[in-house]
Amino acid sequence: MSNNPISRRNFLGLAAGAAGAAALAACGSSGPSNSGGSSSGGSGGGAASYWSLSGPPGEPYRQAAIDRFNKANPDSKITGTFFQNDAYKQKIKTALGANQGPTMIWGWGGGGLKEYVTSGQVEDLTSWLGENAAVKSKILPSSFGAGTVDGKIYALPVETVQPIVLFYNKKVFESAGLQPPKSWGEIMALVPQFNAKKIAPFSLGGQSRWTNMMWLEFLLDRTAGSEVFDKVFAGEKGAWSDPAVLDMLTKIQDLVKANGFQKGFSSTTADSNADQALLYTGKAAMMLHGSWSYGIQKEQGGNFVKDGGLGWMNFPAVEGGKGDPSNTVGNPGQYLSISSKATTEAKDIAKKFFSTTLVDDEEKAGWVKSGGVPVLTGSESLFTGDDAGFLKDMATIANGAKVFAQSWDQALSPTAAETLLDNIAKLFQLQVSPQQWVDAMNGVIGK
């Protein structure tokens with residue numbers, strides 16, 4: 001994806017010229033996880049505020065950037081407040097609507113950013129980046145697309161690029177005498193074999209909904225390619241009625257009915273990292289998750305990663321599918337916007353933060369240390385040590401992808417995304433049929 005005027009193809013088909021892995025806090029529903037943050041975005045007096053996500057492994061590196069800037073700029077101060085994923089989404093929306101948001105708004109770009117732009121809540125950074133070409137040149141060009149609306153850049157790409165990958169527990173496979181799947185058929189064949197050994201085939205934080213979504217994204221891509229969702233994003237009437245969608249939905253429910261996930265998956269939350277724990281403790285054999293999972297498992301899984309227990313791969317092909325098996329989905333980056341309601345002084349602090357700390361060598365090294373591949377250029381030389389294999393493989397997945405599609409709930413508008421997530425949860429709980437799911441989703445196309 002480039003920083004050219006956005007189109008449905010380059011917005012969703014983030015043809016990666018960049019590597020990807022990352023550190024992102026898991027989903028959640030509680031409030032701020034630490035204090036000390038300003039609740040007002042227009043904070044003057046040499047101050048600016050920054051809201052972002054909490055939890056390992058990303059929060060420490062976000063806080064480190066703030067501390068580094070504050071130390072270098074004693075007359076200016078950035079105050080950070082961190083929230084769990086779902087709580088942040090609601091809190092930032094409410095705060096911006098009341099003109100009480102932070103100076104710097106962390107996000108995923110896409111449909112959410114477009115809503116901010118339409119509401120006049122974020123600054124247009126196009127001219128500033130044009131005047132600061134050295135800053136822009138330090139960021140992977142492929143990451144700018146999801147921060148672009150109608151040809152203008154409203155968010156600075158930060159942190160990492162995050163493909164979704166299929167993780168597996170090597171020791172569980174070895175003890176079971178089984179091999180990781182190379183196709184959808186092999187996935188389905190593994191399910192009864194692991195169930196017979198009282199091991200969950202897949203771990204899933206189903207209550208968080210977006211975790212379920214990753215299955216649909218990959219299955220639809222592998223079955224039909226990227227074109228079906230391109231039509232949804234373009235607002236084509238009845239786009240979800242493509243036969244490939246019904247096929248994909250049926251496959252998902254077949255997996256659920258075969259007990260492909262742990263018992264009680266629909267009440268397991270991702271914010272607690274309970275889904276991660278099932279994998280590294282050997283209670284589940286596999287898990288489809290964002291590449292940021294590597295950092296979480298390294299942080300919380302004891303010696304699991306260090307001892308070589310974690311395996312990973314791109315999602316397997318579907319027999320007879322039209323999709324390119326090199327394709328991936330996920331986040332092309334994370335994004336920071338500047339509130340249009342902030343004071344001039346606060347905006348200037350934010351821009352200085354953008355042009356110095358967020359593109360410096362320490363920032364790059366920090367995200368590599370977290371287990372992620374930075375959105376900053378020239379990071380490959382840092383892929384060393386125990387994490388080198390993972391980082392290089394994530395780079396290969398991202399660089400080799402014909403299409404790197406943005407996560408559906410971020411590509412769509414917040415209204416359509418909420419309907420999507422609600423119906424995905426119902427699909428996995430077998431509360432709606434594939435046709436009912438299609439009908440519900442066709443009803444919010446373009447909204």
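How many bridges join E11 to strand E13, and do the two run parallel or antiparallel? In this predicted model, strand E13, which covers residues 404-406, is joined to E11 by three bridges, and the two strands run parallel. Within this pairing, Thr328 has Phe404 in E13 as its bridge partner. Strand E11, made up of residues 328-331, is also joined to strand E7, residues 162-169, through two bridges, and here the strands run antiparallel. In that pairing Asn331 of E11 stands opposite Gln162.

From the strands the reader may turn to a pair of helices. Two packed helices are described by the angle between their axes and the distance between the axes. Helix H9 (residues 210-224) packs against helix H18 (residues 414-428) at an angle of about 80°, the axes lying 9 Å apart. Because angles of 65 to 115 degrees count as roughly perpendicular, H9 and H18 are described as roughly perpendicular to each other. On the H9 side the contact involves Trp210, Asn212, Met213, Trp215 and Leu216, which meet Leu420, Leu421, Ile424, Ala425, Leu427 and Phe428 in H18. Of the residues in this contact, 10 are nonpolar, one is polar and none is charged.

Trp437, leaving aside its neighbours within four places in sequence, is in contact with several residues, among them Leu216, Trp240, Leu420, Ile424 and Leu427.

Terms used: Residues are numbered from 1 along each chain as its sequence is written. This is a predicted model: local features need pLDDT of at least 70, side-chain atom pairs count only at pLDDT 80 or more; totals for chains, interfaces and linings use all residues. Side-chain values use heavy atoms; hydrogens and water are left out. Two strands pair if DSSP finds at least two bridges between them. Helices (H or I, at least four residues) and strands (E, at least two) are DSSP runs, numbered from the N terminus. Axes are lines fitted to C-alpha atoms, for helices over the stretch in contact, and angles run from 0 to 180 degrees between N-to-C directions. Angles under 35 degrees count as roughly parallel, over 145 as roughly antiparallel, 65 to 115 as roughly perpendicular and the rest as oblique. Contact means heavy atoms within 4.5 Å. Ala, Val, Leu, Ile, Met, Phe, Trp, Tyr, Cys and Pro count as nonpolar, Asp, Glu, Lys and Arg as charged, and the others, Gly among them, as polar.
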